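User: Please take a close look at one part of this model, namely how its strands pair into sheets. Then set that part in its surroundings, and give the cut-offs behind each term.

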Amino acid sequence: MSDHATDDTVPEVDESRRKFLVAATVGTGAVGAVLTAVPFLSSWSPSESARAAGLPTEVDLSKIEAGQMATFFWRKQPIYVVKRTPEMVASLKSHDADLKDPKSDASDQPAYAKNEDRSLKPDVLVLIGTCTHLGCLPKTRFTPGDATVTANWPGGFFCPCHGSKFDLAGRVFQGSPASVNLRVPPYSFKGDNTLVIGADAAAEKGAA
Amino acid sequence: MGAASETKGGGFRAWLNKRMPVDQFMADQLTGYYAPKNFNIWYFFGSLALLVFVMQIVTGIFITMHYKPGEATAFNSVEYLMREVPYGWLLRTLHSTGASAFFIVVYLHMARALLYGSYKAPRELLWVIGMLIYFALMAEAFMGYVLPWGNMSFWGAQVIINIFNTIPGIGPDLVEWIRGDYAVADSTLNRFFSLHVIAMPFLLALLILLHLVALRQVGSNNPDGIEIKENLGPDGKPVDGIPFHPYYTLKDVVGVGVFLTLFAVVVFFAPTFGGLFLEKPNFEPANPMSTPEHIAPTWYFTPYYAILRAIPDQRLGALAFALSVLAFVFLPWLDRAKNKSIRYRGLASKALLGMFFIVFLVLMWLGLQPAEPVYVLMARICIPLYFAFFILLPFVSKADGNGPVPSRVTYHAH
């Protein structure tokens, strides 16, 4: 490639050329290392089967009594479905001042559930049943005035792990370690009694 | 390579030393390594930590032969190990008790460093490597606790992983990436198994090696906080130092004997230690439908956990939690005293450190209690005191840590 020096004198080292070669080698190696890390890190993302199991799921609501809750699974997360009575829905209006996020502005829900009762139909509440604080399952405390939760309890959910309190629309009360309301998953209805969890409804209500 | 080691001994030993510097290594690291002669009981815990590490590796290798990761098999394989494998109950209990013993020993080891200023120059890097070992140990213990897939394993994993949710912007995606699913699931368990039995033990072994290399460079501190290398005898050896072997190796054997006796008492008579070492909800299988009534991590995490849950804002809580763990790293630079040891510091320094020890223990107890208002209130009182230690240390240490120190270590011949 290059001429060999034929005499005994050592040819002078071209420092700038050497620096460039070192920088180019290190740079190329670093880019290669980063690109090689991609498949390793990507392998931690949810697998194809985990994603497939996260497809929309249909559940039958006909057996839930008014005022009762049933728990279903979607994406391995518990989904709370509450058949709210008219009294339960009416109770939501009474305590906006005690809530951290009464209008759900900072909370996570589809646009069609960003309304006063956080639902498509006021009589059916659908929530992801994991506390927005650190993921425990809030327990049902639907009886108004339940003194084991707090004085003047309007009815709602209580998380036993760290004491977060939510109302019957999953909105978080002041003084809870949780900062935002319980999440609402995307959902829609097929007929009156079939709930499709994971499939968005057309924005038919309250999408303002 | 000195000529001495090549000519020492004959036959096989000479052959060996010509090819691998065994005698030279022993001379450098053990018989020729001088440690201060005034070590007290606080100086047992470094070697004990190493012992527990080796015990965890050995018991871990054997219980892994029976354990089957996976959400369908994990819990039953642990029950199988406990009930049907000959002495499986013993192997498992040695490993679970070893986890708590590791933290007891490490906390005492760290308390020693706080008492005698062992983190101060020239041992800052030694301290930082030690803190990295502590962090790696926390990760290792957390992932190990998930493996039996009991209900506390599941919900503990759920709560701890969800702490990352509070990181702005990337939180939710990061949490999904850590779990490998939309909830804590099979994928989470399997990756924790891999990390627990392969990655973290390798990392720990590497960090422990670096810790020892750094220790050999700067030498041990001592209860008087005086540098023995600054007072050499005519033979060039520290006048207040004695060879690590045989003096401290023999002393450590006594410590090992006492430690193993206490350890065996727990293993045979109180393996769950009243629910502290193995929590009661973990004897039922993981149930994604049912959160245990009262979630508490194992005792060695509870001081930080008490801080996390007492702050009524999610993001601030997670931040304070992270800071309370990381603050220790900065001690070498927060402590501005001339003297190292608490023996030669004023009353204010002693009171400040004493307060910190008490607050740490109170928070540890509070983190084990249910999330009831009285305990949350107590934690809210302790949190400012906890951080006050780190904030006041630069001023207090500067003001009263500069008195005269003796030129020789305090030593009474036995």
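Analyst: **Strand pairing and its setting**

Strand E5(A) is joined to strand E6 (residues 156-158) of chain A by three bridges, and the two run antiparallel. Helices (H or I, at least four residues) and strands (E, at least two) are DSSP runs numbered from the N terminus, and two strands count as paired if DSSP finds at least two bridges between them. The model is a predicted one, in which local features need pLDDT of at least 70, side-chain atom pairs count only at pLDDT 80 or more, and totals for chains, interfaces and linings use all residues. Residues are numbered from 1 along each chain as its sequence is written, while chains are lettered from A and ligands numbered from 1 in the order in which they are written.

Within this pairing, A:Thr140 has A:Phe157 of E6(A) as its bridge partner. The sheet to which these strands belong is open, with three strands in the order E5-E6-E7 (chain A) and antiparallel pairing. Its edges are strand E5 (139-141) and strand E7 (165-167) of chain A; each has a single partner strand, so one side of each is left without a neighbour in the sheet. On average, neighbouring strands of this sheet are turned by 30° against each other, direction ignored. Axes here are lines fitted to C-alpha atoms, for helices over the stretch in contact, and angles run from 0 to 180 degrees between N-to-C directions.

Another open sheet of chain A has three strands in the order E1-E9-E8, again with antiparallel pairing. Strand E1 (57-60) and strand E8 (187-190) of chain A are its edge strands, each pairing on one side only. E8(A) is joined to strand E9 (residues 194-197) of chain A by four bridges, and the pair runs antiparallel. Opposite A:Phe189 stands A:Leu195 in E9(A). E8(A) and E9(A) make up a hairpin with three residues between them, and A:Gly191 in the turn has a positive phi of about 75°.

Chain A as a whole has three helices and nine strands, which follow the pattern α-α-β-β-β-α-β-β-β-β-β-β along the sequence. Its radius of gyration is 29 Å, well over the 17 Å that the globule rule gives for 208 residues, so chain A is more spread out than a compact globule. That radius is taken over C-alpha atoms, and the rule is 2.2 Å times the number of residues to the power 0.38. The C-alpha trace of chain A spans about 105 × 40 × 30 Å along its principal axes. Chain A is assigned domain 1 (13-45) and domain 2 (52-197), with bounds from an automatic or database domain assignment. The C-alpha centres of these two domains of chain A are 50 Å apart.

Next comes the partner chain. The contact between the chains takes 24 residues from chain A and 26 residues from chain B, where residues are in contact if their C-beta atoms, placed from the backbone, lie within 7 Å. On the side of chain B that touches chain A, two or more residues each come from H8, helix H9 (171-179), helix H10 (186-218) and helix H13 (314-326) of chain B. H8(B) gives the largest share of that side, four residues. By class, the side holds 12 nonpolar, eight polar and six charged residues. Ala, Val, Leu, Ile, Met, Phe, Trp, Tyr, Cys and Pro count as nonpolar, Asp, Glu, Lys and Arg as charged, and the others, Gly among them, as polar.

H8(B) also packs within its own chain. Helix H7 (residues 124-146) and helix H8 (residues 151-162) of chain B meet at an angle of about 135°, with axes 8 Å apart. That angle makes H7(B) oblique to H8(B); under 35 degrees counts as roughly parallel, over 145 as roughly antiparallel, 65 to 115 as roughly perpendicular and the rest as oblique. B:Phe142, B:Tyr145 and B:Val146 of H7(B) make the contact with B:Ser153, B:Gly156, B:Ala157 and B:Ile160 of H8(B). Five of the residues in this contact are nonpolar, two are polar and none is charged.

Definitions and conventions:
Contact = placed C-beta atoms within 7 Å.
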